Amino acid sequence: MIIKRFIAIILVLILSLTCVGCSDSGSSSIIYFGVNEPPKTIDPQSAGSVTELMLVKNLYEGLMRKDIEGNIVNGVIENYSKQGDTYTFTIKNNAVWNDGTPLTASDFKFGISRALDPKTHSPNADCLYCIKNAKDIHSGKMNATNLGVTVINEHTLKIEAEAGADILYALTTAPAMPCNEDFFEKSVGKYGMSFDTVLCNGSYKMRKWATEDFAMRIIKNTNYTGDFVAKNAAVYFSKNKDYTNLECLEKNYVDLAEIPTTDYVKAKDKGYKLTTLNNKILIIGLGPSYTKSMRNALFGSLIAKEDFSGFNSSYKYANTLFPEFFGFGDLKDINIYNPQSAKTLYNVEIKKFDNAAFPTDTIYFYGDSDTSDIVKCIAGHWQQNLGTYINIAAAESNGIAKSYAENGYGIGVYFVEINEKNTNQYLENFSFPATLKNDNNNLQNYIFGNSYKIPISFFGSCFAYTDELQNLQIDSIGGSIDFSYIIKE
């Protein structure tokens, strides 16, 4: 332990010395942030997790960006004009990548084109569907040459929107970030996956990325010529193997951390500032091999709203398809919990299975102790109401839990993060006829009555931080943080 502390002190000293040269303006302070999940990539077109998107926000700057109040303002552009559905953007003449390479209109077209290339598998590509022909190109129905993005010259980009669409918000999102084609090709399939394959243009640049014992440092980008120069020298991201994020706060290893909701009360009692979000959805899925009637029997005996009063967390009962921040206030509440009807339906359906026996004995789940409590409650209901004994087991990852819900006779409970206010992206988690996509109440009825996956609960991220941090703003949906505004006193 003494050796570890000594090494930590040396690292801090090295980082401090490293940042002296990058602190020509603003504070020389270093912000320490404890993350939940280390990033796998910082490729803006491939980033999907909260940590990945947070790093993209700080390492890249788009044509547009958000200011500290959340308003959409100019990013790397001098100005833009709009005529009908066509936007023309003028990029600043002195805009460069962090290595000094000029930033051009072609970099933005290449980045947007990569996101919409089906081979990229960009998790947030549908944020760009407001661009003319983007959706059909992404689905493979149309050739990429039809994309409504045109390079006029080195510093001028024209973007055509779908009829009546506003594209400005989309241009602040990760898939709209620039990508230097020459640098991308030289990365040989590893773009954004290591220190040497990250080229950025934002308020910060990469200084270190250790992947095995995760630690990442981003420092003030001295080649940044925009209006959002970082007010601190650096941000140090880490994931401690020996301590929880709350314990790291208590030991002064970090200034800010994402903590599980189960630690909320403890963190509050210790005097930390707290911000909670509702940007996650807990989903249960039954393998598609189950009949519709068997799924309805199991879902009908799943869990009741009253059960949530016994959970010590911010988990909320999902009696609608969409969480509140989507703004669909006219949705009718759905209560599918009906043990009597579920038992009658179950008795009919179980006879159709081999030996009239239930084909699985385990619910696999991923999450914290609150998720475990919810799953225990579900298993208890199925045993009490249906006479079916079900084991529960923690999965090693969220992806593994999800796979049980999508392959054969499996039951999985897993969560989905919502990083953008994008209903198209959210609805991809469920199955339904395309004709219902814009009919919220009937769509909701269909999914709860016919889909093999339904939401159980809405919950969210929780951030705890010290009072040394000023101007900390956390995006109310994705939980992303723009560190360039933060002052550490």
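Predicted model: local features only at pLDDT ≥ 70, side-chain atom pairs only at ≥ 80, totals over all residues.
Ser480 sits in the loop between strand 20 (469-470) and strand 21 (487-488); helices (H or I, at least four residues) and strands (E, at least two) are DSSP runs, numbered from the N terminus. Residue numbers start from 1 along each chain as its sequence is written, and side-chain values use heavy atoms, without hydrogens and water. Local features need pLDDT of at least 70, side-chain atom pairs count only at pLDDT 80 or more, and totals for chains, interfaces and linings use all residues.

Ser480 is buried, because its relative accessible area is 11% (buried is under 20%, exposed over 50%, partly exposed in between; 1.4 Å probe, protein chains only). Now show its contacts (heavy atoms within 4.5 Å). Leaving out residues up to four places away in sequence, Ser480 touches Leu53, Met54, Lys57, Gln473, Ile474 and Asp475.

Next, select strand 10, residues 234-238. Four of its five residues are buried. Strands pair if DSSP finds at least two bridges between them. Stop at Ser238 in strand 10: Gly34 has Ser238 as bridge partner, and so does Ala215.

Finish at Asn133, in the loop between helix 3 (105-116) and helix 4 (134-138). Is Asn133 buried or exposed? Asn133 is buried, because its relative accessible area is 17%. Its side chain reaches the backbone oxygen of Asn146 at 2.7 Å. Beyond neighbours within four places in sequence, Asn133 contacts Met142, Asn146 and Glu162.

How values were computed. Polar contact = N/O pair within 3.5 Å; in protein donor to acceptor, adjacent residues only side chain to side chain.
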